[in-house]
Amino acid sequence: MIFYSNWRSLAAYRVRVALALKAIPHEVVAIDMAGGEHLGERFKAINPQGVLPALDDGHGAVLFQSLAIVEYLEQTHPTPPLLPADAAGRARVRGLALIHAADVHPLLVPRVRNHLQKDAGLDDAAVQRWLARALTTGLDAIEADLARSPHTGTFCHGDTPTLADICLASHMLAMMFFKVDSAGWPTARRIYDASQQLPAFADSHPLKQPGAPPA
Ligand SMILES: N[C@@H](CCC(=O)N[C@@H](CS)C(=O)NCC(=O)O)C(=O)O
């Protein structure tokens, strides 16, 4: 497998954690997002959307969209499972994951931030308000469900990590990247801290990847 990644990409992070949890051997190809390599013809021949990540499965399929890739890994490498066995549990885990991956993260990505600054003329403070609002309203919803559900355990759904924990960690890392304090969401914070005790999460941290700045 070839994993097209970038140290800072949160979507790539989600796939990196899934690969690590499932201990799937792969080669990493780092794409220079800051230098615009993802927008060049060579990478667009791999992922026509020009975004990270992408995964070449080594059997003729080139996959894109982090959650689609994680679902592929789940089906091809079912152990350990990242989705619960029951339908309601799977829907809850996917729902929690999608609050971040479908509704919040798309508001934070470089092309949207660039558009807000360069085309819409927002200054740094206004962009920061945009980012903080997206992150905190999303985390409000995640926290409310985590706090009310009897299925919440050490992790978002039970005592083993699922796709929801991968996306929660991605959300909390975005809070850190954009300097939004996460102290007001205690269940989410507790679960994020638990995930960081696992090497698959800790070793996948963006700042631990090749090309990342020292801190
Ligand atoms: N929904 C996509 C998001 C992909 C995405 O936007 N990736 C970001 C990095 S986290 C990217 O490549 N952005 C490039 C840009 O915005 O120019 C996924 O989950 O894979």
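In the predicted model, helix H4 passes helix H7 in a left-handed crossing. H4 spans residues 87-104 and H7 spans residues 163-177, and the two pack at an angle of about 30 degrees with their axes 7 Å apart. Because angles under 35 degrees count as roughly parallel, H4 is described as roughly parallel to H7. On the H4 side, the contact involves Val93, Leu96, Ala97, His100, Ala101 and Val104. These residues meet Leu163, Ala164, Cys167, Ser170 and His171 of H7. By class, the contact of H4 with H7 comprises 8 nonpolar and 3 polar residues, and charged residues are absent from it.

H7 also packs with helix H6, which covers residues 124-148. The axes of H6 and H7 come within 11 Å and cross at roughly 140 degrees, and this crossing is left-handed. H6 contributes Leu135, Gly138, Leu139, Ile142 and Leu146 to the contact, while H7 contributes Leu168, His171, Met172, Ala174 and Met175. The contact of H6 with H7 contains 8 nonpolar and 2 polar residues, with no charged residues.

A search of the whole structure finds 1 aromatic pair. Phe177 is the residue at which H7 ends, as the helix runs over residues 163-177.

Note on methods:
Residues numbered from 1 in each chain as written. Predicted model: local features only at pLDDT ≥ 70, side-chain atom pairs only at ≥ 80, totals over all residues. Heavy atoms only, no water. Axes fitted to C-alpha atoms, helices over the stretch in contact; angles between N-to-C directions. Helix = DSSP H or I, 4+ residues; strand = E, 2+ residues; numbered from the N terminus. Parallel < 35°, antiparallel > 145°, perpendicular 65-115°, else oblique. Left-handed = near helix turned anticlockwise from the far one by under 90°. Contact = heavy atoms within 4.5 Å. Nonpolar A, V, L, I, M, F, W, Y, C, P; charged D, E, K, R; others polar. Phe/Tyr/Trp six-rings, centres within 6.5 Å; stacked < 30°, edge-to-face > 60°.
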